[in-house]
Amino acid sequence: MRRPERLDDTERKCLDELCERSPALATTSEYARRLATTVRERRSEHLALDVWLADVRLDGQPELRSLAGGIRRDHAAVLAALNTTLTSGAVEGNVTRIKLLKRQMYGQAKFDLLRRRILLSP
C-alpha cells in the first residue's frame with residue numbers, strides 16, 4: 001500500500017496485471033488508496049471522508065463496508081484525529097515505562113518502593 005509514485009516499474013506492472021484480472025481487487029485498491037491519501041494529507045473537511053464512506057457503502061467489498069461501518073461508529077474520533085496534530089505518545093510512553101518497572105518488581109516490594117523507583121527512574 002505504498003504511494004503509487006513510490007512503486008518501481010516491476011511492482012506497478014504486477015499491480016496493474018492483478019487489477020486487470022480482478023475487478024474487485026482494483027476497486028478495493030482504489031478505495032484503500034483514497035482513504036490512505038485522506039489520512040496522510042490529514043484532510044479534515046467532512047466531505048472527503050463522508051464521500052469515501054458513501055462510495056464504499058454503495059459498491060465496496062464486504063471487508064471495506066465493515067471498515068467503513070467502524071469509521072462511521074467512531075466518526076467524531078476519526079475527524080478529531082484528522083483535525084489535530086496532538087498525540088498521546090508521551091503519555092503512552094510513560095505508561096509503558098511504569099508498567100515495565102512494575103513487572104520487574106513483581107512480588108519484591110510494596111507500593112512505596114515502587115513509587116520511589118518510578119519517580120527516580122529516568
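**Close-up views of a predicted helical model**

**View 1. Leu 35 sits in helix H2, which spans residues 23-40.** Helices (H or I, at least four residues) are DSSP runs, numbered from the N terminus. The model is predicted: local features need pLDDT of at least 70, side-chain atom pairs count only at pLDDT 80 or more, and totals for chains, interfaces and linings use all residues. Residues are numbered from 1 along each chain as its sequence is written, and side-chain values use heavy atoms, with hydrogens and water left out. Leu 35 counts as buried because its relative accessibility is 16%; buried means under 20% relative accessible area, exposed over 50% and partly exposed in between (1.4 Å probe, protein chains only). Not counting residues up to four places away in sequence, Leu 35 touches Leu 49, Trp 52, Leu 67 and Ile 71, where contact means heavy atoms within 4.5 Å. The C-alpha atoms of Leu 35 and Leu 49 are 7.7 Å apart, at a sequence separation of 14 residues.

**View 2. Helices H1 (residues 9-21) and H2 pack at about 125 degrees, with axes 5 Å apart.** Axes are lines fitted to C-alpha atoms, for helices over the stretch in contact, and angles run from 0 to 180 degrees between N-to-C directions. H1 and H2 are therefore oblique to each other; angles under 35 degrees count as roughly parallel, over 145 as roughly antiparallel, 65 to 115 as roughly perpendicular and the rest as oblique. H1 contributes Leu 15, Leu 18, Cys 19 and Arg 21 to the contact, and H2 contributes Pro 23, Leu 25, Ala 26, Ser 29 and Arg 33.

**View 3. At the start of H1, a side-chain oxygen of Asp 8 comes within 3.2 Å of the backbone nitrogen of Thr 10.** H1 itself has 13 residues and extends 18 Å from its first C-alpha to its last, close to the 18 Å expected at 1.5 Å a residue. The expected span is 1.5 Å times one less than the number of residues.

**View 4. Ala 48 lies in helix H3, residues 46-59.** Ala 48 is buried, at 17% relative accessible area. Between Ala 48 and Arg 34, 14 residues apart in sequence, the C-alpha distance is 9.2 Å.

**View 5. Val 39 belongs to helix H2.** With 44% relative accessibility, Val 39 counts as partly exposed.

Notes: Helix = DSSP H or I, 4+ residues; strand = E, 2+ residues; numbered from the N terminus. Polar contact = N/O pair within 3.5 Å; in protein donor to acceptor, adjacent residues only side chain to side chain.
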